[in-house]
Amino acid sequence: MAQLNLAFFPMIFLSFSLSFLATPVEPSSLTRHRNPKTMTYIESSCKGTLYPNLCIRCLSQYAKSPLNGPQHLAQHALSVSLSRALHTKGYLLEVAKELQAIKSNKKEYLTVQDCVNQISDSVEQISQAMKELRSFNKHDSSMNDNMLWHISNVETWVSTALTDASSCVYSFPGNRMSKRVAAIKVKAKNVAEVTSNALFLFHRYASTYQKATMNTSNS
């Protein structure tokens, strides 16, 4: 058993290192220019997410100025998700190109190509959700069937993006893997995690919106 544990140690270390690199460390200059109230709001909003520390790190870049409520925060969270998905898509395309050129492992190439399709779909779904969310203020402010339909669209698109990113992660089973595969899993997992956080923050916004409009209609 001791030999088995030692065999897995390099992979555990590699995964930890790649996970650390997946989320850039912010310069101290950005930290000094954060708006304290905005940062407090971000920290409070991120508490209910599955990955609160990641949520805070990603959204702290938007803490230099006040946020206009939960809709604004949800938009920023989706922006982070889209950025990570686009970066991962670019990386996967390069890996697929390399594997196709060397023709050494057809199975791995096909799996990576599947991941390219899944992450590409995530990019499309998140882009659609962001476009829909930005248009919310143009719709009727009451919580009618039309507004509920738009909210459902965003939830469906972000949920689908999350499913696609997660599917890429699970495309590479097992613990023994190459550095390339380990990097793919870390990047895809990062997309899934920030998208999960974005979905939670959108749900939070939709709930707040629904309560506000119900109070308005009852007054």
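Thr-111 is found in helix 6, where helices are DSSP runs of H or I with at least four residues, strands are runs of E with at least two, and both are numbered from the N terminus. Thr-111 is buried, at a relative accessible area of 17%; buried stands for under 20% relative accessible area, exposed for over 50%, and partly exposed for what lies in between, with a 1.4 Å probe and protein chains only. Setting aside residues up to four places away in sequence, Thr-111 touches Ser-171 and Phe-172, a contact being heavy atoms within 4.5 Å. Phe-172 is 61 residues from Thr-111 along the chain, and their C-alpha atoms are separated by 7.9 Å.

## About the model

What you are looking at is a predicted model, in which local features need pLDDT of at least 70 and side-chain atom pairs count only at pLDDT 80 or more, while totals for chains, interfaces and linings use all residues. Residues are numbered from 1 along each chain as its sequence is written, and side-chain values use heavy atoms, with hydrogens and water left out.

## The overall fold

Let's step back to the whole chain. It has 8 helices and 0 strands, giving the pattern α-α-α-α-α-α-α-α along the sequence. Of the 219 residues in the chain, 41% are buried. Among contacts with a separation of 6 or more, 76% are between residues 24 or more positions apart.

## The nonpolar core

In soluble globular proteins, nonpolar side chains tend to be buried together. Here, the largest nonpolar core has 53 residues; such a core is a set of buried Ala, Val, Leu, Ile, Met, Phe, Trp, Tyr and Cys residues joined through side-chain atoms within 4.5 Å. The residues with the most contacts inside this core are Leu-59, Leu-78, Val-112, Phe-136 and Phe-202. Two or more core residues come from each of helix 3 (36-46), helix 4 (52-59), helix 5 (69-102), helix 6 (106-134), helix 7 (145-169) and helix 8 (179-218). Helix 8 gives the largest share of the core, with 12 residues.

Not counting residues up to four places away in sequence, Phe-136 touches Gln-71, Met-147, His-150, Ile-151, Val-154, Phe-202 and Tyr-205. Phe-202 is also touched by Glu-155, along with Leu-199 and His-203, again not counting residues up to four places away in sequence. Glu-155 has its place in helix 7 and counts as partly exposed, at 25% relative accessibility. Between Glu-155 and Phe-200, 45 residues apart along the chain, the C-alpha atoms are separated by 9.6 Å.

The structure holds 1 cavity of 30 Å³ or more. On a 1 Å grid over the protein atoms alone, a cavity is a set of points where a 1.4 Å probe fits but cannot get out, and lining residues have an atom within 4 Å of a point. Grid points are joined across faces, edges and corners, and the volume is the space filled by probe spheres set on the points. About 60 Å³ of space lies in the largest cavity, which is lined by Cys-55, Cys-58, Leu-59, Ala-77, Val-80, Val-194, Asn-197 and Ala-198. At least two lining residues come from each of helix 4, helix 5 and helix 8. By class, the lining has 7 nonpolar, 1 polar and no charged residues, with Ala, Val, Leu, Ile, Met, Phe, Trp, Tyr, Cys and Pro counted as nonpolar, Asp, Glu, Lys and Arg as charged, and the others, Gly among them, as polar.

His-76 is found in helix 5 and is buried, at 14% relative accessibility. Apart from neighbours within four places in sequence, His-76 is in contact with Leu-59, Tyr-62 and Leu-67. His-76 and Ala-198 are 122 residues apart in sequence, and 8.4 Å apart from C-alpha to C-alpha.

## Two salt bridges

The structure holds 2 salt bridges, each a side-chain nitrogen of Lys or Arg within 4 Å of a carboxyl oxygen of Asp or Glu. Glu-108 pairs with Arg-180, with the closest N and O atoms 3.3 Å apart. Glu-108 is buried, with a relative accessible area of 15%, whereas Arg-180 is partly exposed, at 28%.

The other salt bridge joins the side chains of Glu-193 and Lys-189 (2.3 Å, N to O). Both residues lie in helix 8, 4 residues apart, about one turn of the helix. Glu-193 counts as buried at 12% relative accessibility, while Lys-189 is partly exposed at 43%.

Notes:
1 Å grid on protein atoms, 1.4 Å probe; cavity = no way out; pocket = protein on both sides within 12 Å on 5 of 7 lines; lining within 4 Å.
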